[in-house]
Amino acid sequence: MMHCKIHARVRLRMVRGRFLQGERPPIPGALDPARRGRLQAGVQVQADVREPLRAESDRAGTPSLAPSLRVFVHLATDKDAAAWRRAWQAGTLVGVNEETPYGYGRAERMGCTLAFSRAFPEKPAVRFLRLGLRVLAGFDLLHALRQGRALREADVVWTHTESQFLAVAAALAFRAQRPQLIGQSVWLFDRWERLGPLHRMLYRRLIRDVDVLTVHSTENLAVARALFPGKRVLHVPFGIPSERITPPVRRPGRPLRVLALGSDRHRDWACLAAALDGVPEASAIILSGTAPRRLARGRPNLRVGRARSQAELAAHFAEASVVCVPLKPNRHASGITVIQEAVLAGLPVVATATGGLEGYFGPDAVRYVPPGDPAALRAALLEIAADPEAARARAERAQARMIEAGIGAETYIRRHVEISREMLDR
């Protein structure tokens with residue numbers, strides 16, 4: 001019934017089997033005959049990124065009967081899909097990942113046709129201009145403007161952080177016809193109170209053109225709804241690929257080997273360093289691109305470095321007794337990616353209770369400590385050392401929670417698809 005209504009309302013004008021520029025169907029989701037024929041024949045855009053996913057989709061079973069949803073995934077310049085895939089294939093993409101950025105390619109198995117934003121070669125002067133504008137505005141406008149054709153052809157645009165959705169909203173500001181826009185926010189509402197009046201005014205204006213705001217934590221949800229009471233704001237829990245799980249085993253508590261990783265701006269590395277002072281039976285490795293190496297000075301039981309490959313990271317997980325996620329107060333579930341990676345690896349987790357993490361894993365699954373309390377963190381780590389069996393049982397409960405609650409990339413991407421279709425059906 002819906003399919004018929006869509007086609008009854010759409011008038012298509014075509015030249016050589018393509019839409020005339022600027023004459024995109026006013027009702028998203030309708031397919032022109034030429035495009036439908038190409039999809040039925042299996043022809044895909046950006047095949048170098050998506051062919052393996054298409055093959056997996058064919059193996060998975062019958063595709064959705066709903067009209068194909070044209071999705072444009074707009075990401076930061078350093079998340080170019082082709083470069084991401086090459087790094088993933090080479091094993092230099094560190095973390096639990098797959099061939100498309102953040103697993104968005106899974107949407108193809110859910111009835112979507114995908115296109116990803118592209119990074120373009122730049123001369124130094126142009127790069128300087130683009131980055132300068134990004135610093136001034138707080139988002140990368142030139143990168144969004146370069147995606148003009150892909151934006152025009154999309155039914156809906158997905159973004160990963162506020163830097164992308166603000167840029168897309170600005171790029172589409174003066175277009176009479178535009179795709180639906182899902183604006184996913186991570187850090188914006190943490191720093192909203194510190195923004196200057198001009199930035200607040202600009203961001204409020206751009207958010208007017210965002211169709212749905214999404215956040216990863218209930219704490220961000222409350223702030224966003226208070227700031228934008230007339231805007232539809234949804235909680236979409238973030239998830240990583242969760243199909244491969246290593247069952248927890250009892251790991252030696254002494255010596256206690258602590259693994260800490262991540263580069264989010266809200267990591268509290270100083271708290272972890274202080275927690276290790278006076279605990280010679282514990283050692284820690286911090287793998288981060290932002291942790292200051294000076295923290296290790298005078299601390300023989302602390303090392304700061306980086307994992308250069310997925311194989312190197314896997315080796316660190318195999319040797320660790322516990323994964324520690326020390327955090328400063330935040331609202332956006334900082335550390336949730338690392339916690340999920342540790343849970344999948346079968347490791348117990350000690351984390352700071354902040355940012356809405358307890359909405360993902362309760363205290364029976366993750367050992368939580370208060371923010372900024374080295375003594376409490378030290379006690380939690382020594383607890384792991386004293387009772388490795390209890391730590392193993394907690395890791396088991398965390399894995400069970402991940403499975404039962406559907407925490408992972410599959411649910412995360414499927415929710416994007418559901419929200420998109422809901423928007424287009426309104």
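**Basis.** I worked from a predicted model, in which local features need pLDDT of at least 70, side-chain atom pairs count only at pLDDT 80 or more, and totals for chains, interfaces and linings use all residues. Residues are numbered from 1 along each chain as its sequence is written, and side-chain values use heavy atoms, with hydrogens and water left out.

**The sheet.** I looked up the strand order and found an open sheet of six strands, E11-E10-E9-E12-E13-E14, with parallel pairing. Strands (E, at least two residues) and helices (H or I, at least four) are DSSP runs numbered from the N terminus; two strands pair if DSSP finds at least two bridges between them. Strand E11 (302–305) and strand E14 (367–369) stand at the edges with a single partner strand each, so one side of each has no neighbour in the sheet.

I then examined E13 (residues 349–352), which runs parallel to E14 and is joined to E14 by three bridges. Valine 350 stands opposite arginine 367 in E14.

**The helix.** I noted that helix H12 (residues 310–319) lies across strands E9, E10, E11 and E12, at about 145° to E9. Such angles run from 0 to 180 degrees between N-to-C directions, with axes fitted to C-alpha atoms, for helices over the stretch in contact (heavy atoms within 4.5 Å).

**Glutamine 399.** I located glutamine 399 in helix H15 (residues 388–404). Is glutamine 399 buried or exposed? Glutamine 399 is buried, with a relative accessible area of 10%; buried means under 20%, exposed over 50%, partly exposed in between (1.4 Å probe, protein chains only). The side chain of glutamine 399 reaches the backbone oxygen of valine 343 at 2.8 Å.

Technical notes
Polar contact = N/O pair within 3.5 Å; in protein donor to acceptor, adjacent residues only side chain to side chain.
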